[in-house]
Structure formats: structure tokens, C-alpha cells
Amino acid sequence: DAKTTQPPSMDCAEGRAANLPCNHSTISGNEYVYWYRQIHSQGPQYIIHGLKNNETNEMASLIITEDRKSSTLILPHATLRDTAVYYCIVRVADTGRRALTFGSGTRLQVQP
Amino acid sequence: EAQVTQNPRYLITVTGKKLTVTCSQNMNHEYMSWYRQDPGLGLRQIYYSMNVEVTDKGDVPEGYKVSRKEKRNFPLILESPSPNQTSLYFCASSGGGLAGPSYEQYFGPGTRLTVT
């Protein structure tokens, strides 16, 4: 799995967009970018994934640069409930063991 | 509502007393997995199961057993718990399977286990 680099922490005002960056300069052609989050001691929650194109779902948008060496997760209107640690993971979409390994992630604090 | 449930959510026990943590999913997922999460060590996979009666070791299987007799259930068994198994445990499930890749895993709420 490719190594990822994320800022350790970020703040965001409630109602504003939260933009969380992730660098993955060693990503391979068949590796996807996944985002998960974990609210304090709760089960991790899948957010979104992408390969090359930008993706959007009901939770967030994922912007991947053309060279695929970095990406940004966008929470369009952050709420206090979005305060969590956000993990960027780069790996193949496998049918086997599927073990998830989280790095240190970005701790997002949404301020009222 | 699609979900993964775990029971109990909190458990304090003593060394050597056998315990089972249950996990159930209602999404008809073939794949299920157990993780433990410890400060500074992150998430580590204990066991996983690709389907009924198919289980395999993850990264840290020592001291744990699992079974997969039904598709929806994947209990984690600690036959002789020790203090180093004090941890936060998560069960997860995922769709896809051998017919195709899976892109997301759904996690349970966690079980906080303390072994004294």
C-alpha cells in the first residue's frame, strides 16, 4: 500500500467547507484513494473512495489531482458532528484479506 | 437500517475466564473481520472470514478464536483472556467478494474489553 501524508490537525468553522488534504506521491495505477473517519472511540466510518475521477456522495466530495499524487476530501458544510479523525488510505480494491491500516490521520475540529 | 452490531459494548473480566463477543450484520455481506485498536498501534486485524465456514488469520490472531457458522454472525472468542488483550475491538463487514472487489467496510460500534 502506498504511504500517505496528512496534516495532524485542522480547524473548521461550522457551516463552512472543510478541505482535508492527503499526499500519496507513490500511488500505483491500480490503487484507490479511500477516506474513513473515526469519531472518538466509535467504529470507523467509510466516507468515499476514488481512482482517477472526482467523486461525490451524500457525505463528501473527493478531488484527486490529475497526476494522482494528492487528493482532497471536502465536507461541504461542516457540522459539529463532523469533528473526528479522518484517515486517507491508498490501496488496491482487493477481494481478499482487506485489512485496513490507518495512519495517524487528520484530527478535524469543527468550531461553533 | 443497515448495520453491524456488537455485544457487549463494555466488558470487564478476569484473567482466564472465557468470553465471547458477538457480531452480527444485516447486509448479507460475505466478508467479515475483527480488529483491535490500541493507542499508538492503530487498527490491527485479528481474523477475517470470506464466507460461511471460511476463516483465516489476520495480523494478530494469537489468543483469539472465531467461527462463522451463519453468514450474518461472526463471534470472537477469547478462551483464556489475558491483560494484554485489554483493547477496543471492532467487527466489520463488507460486500463484494470473490466475484468482485469491495470498496468499503462497515464497522460495528466497538467493544471495550478490560482484562484484570
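**Sheet pairing, core and aromatic contacts**

In this predicted model, strand 3 of chain B and strand 8 of chain B are paired in the antiparallel sense over three bridges. Within this pairing, Thr20(B) stands opposite Ile77(B) of strand 8 of chain B. Strand 3 of chain B, which spans residues 19–25, is mostly covered, five of its seven residues being buried. This strand also pairs with strand 1 of chain B, again in the antiparallel sense, over four bridges, and here Gln6(B) has Cys23(B) of strand 3 as its bridge partner. Strand 8 of chain B (residues 76–78) is in turn joined to strand 7 of chain B by two bridges, and these two strands run antiparallel; Lys65(B) has Ile77(B) of strand 8 as its bridge partner.

Chain A contains nine strands and zero helices. The radius of gyration of chain A is 13 Å, in agreement with the value near 13 Å for a compact globule of 112 residues, and its C-alpha atoms fill a box of roughly 40 × 30 × 25 Å along the principal axes. Of the 112 residues of chain A, 46% count as buried. Among the contacts in chain A with a separation of 6 or more, 57% are accounted for by residues 24 or more positions apart.

In soluble globular proteins, nonpolar side chains tend to be buried together. The largest nonpolar core here has 21 residues, and those with the most contacts inside it are Val33(A), Trp35(A), Leu73(A), Tyr86(A) and Leu108(A). Two or more residues are given to this core by each of strands 2 (18–23), 3, 4, 6 (61–64), 7 (70–75), 8 and 9 of chain A, and the largest share, four residues, comes from strand 8 of chain A. Once neighbours within four places in sequence are left aside, the contacts of Leu73(A) include Ala18(A), Leu20(A), Trp35(A), Ile47(A), Ile48(A) and Tyr86(A).

Nine aromatic pairs are found over all chains in a search of the whole structure. One of them is formed by Tyr36(A) and Tyr46(A), which are arranged edge-to-face at 5.7 Å centre to centre, with 75 degrees between the planes. Because Tyr36(A) lies in strand 3 (residues 31–38) and Tyr46(A) in strand 4 (residues 45–50) of chain A, the pair ties together parts that are 10 residues apart in sequence. Tyr36(A) counts as buried at 1% relative accessibility, and Tyr46(A) counts as buried at 16%. Tyr36(A) also forms a tilted pair with Phe102(A), at 5.8 Å centre to centre and with 45 degrees between the planes. Phe102(A) lies in the loop between strand 8 (84–92) and strand 9 (106–111) of chain A, so this pair ties together parts that are 66 residues apart in sequence; Phe102(A), like Tyr36(A), is buried. One aromatic cluster is formed by Tyr36(A), Tyr46(A), Tyr87(A) and Phe102(A) together with Tyr35(B), Phe90(B) and Phe107(B).

Key: Residues numbered from 1 in each chain as written. Chains lettered and ligands numbered in written order. Predicted model: local features only at pLDDT ≥ 70, side-chain atom pairs only at ≥ 80, totals over all residues. Heavy atoms only, no water. Phe/Tyr/Trp six-rings, centres within 6.5 Å; stacked < 30°, edge-to-face > 60°. Buried < 20%, exposed > 50% of the residue type's maximum accessible area, 1.4 Å probe, protein only. Core = buried A, V, L, I, M, F, W, Y, C linked by side-chain atoms within 4.5 Å. Contact = heavy atoms within 4.5 Å. Pairing = 2+ DSSP bridges. Rg over C-alpha atoms; globule rule 2.2 N^0.38 Å.
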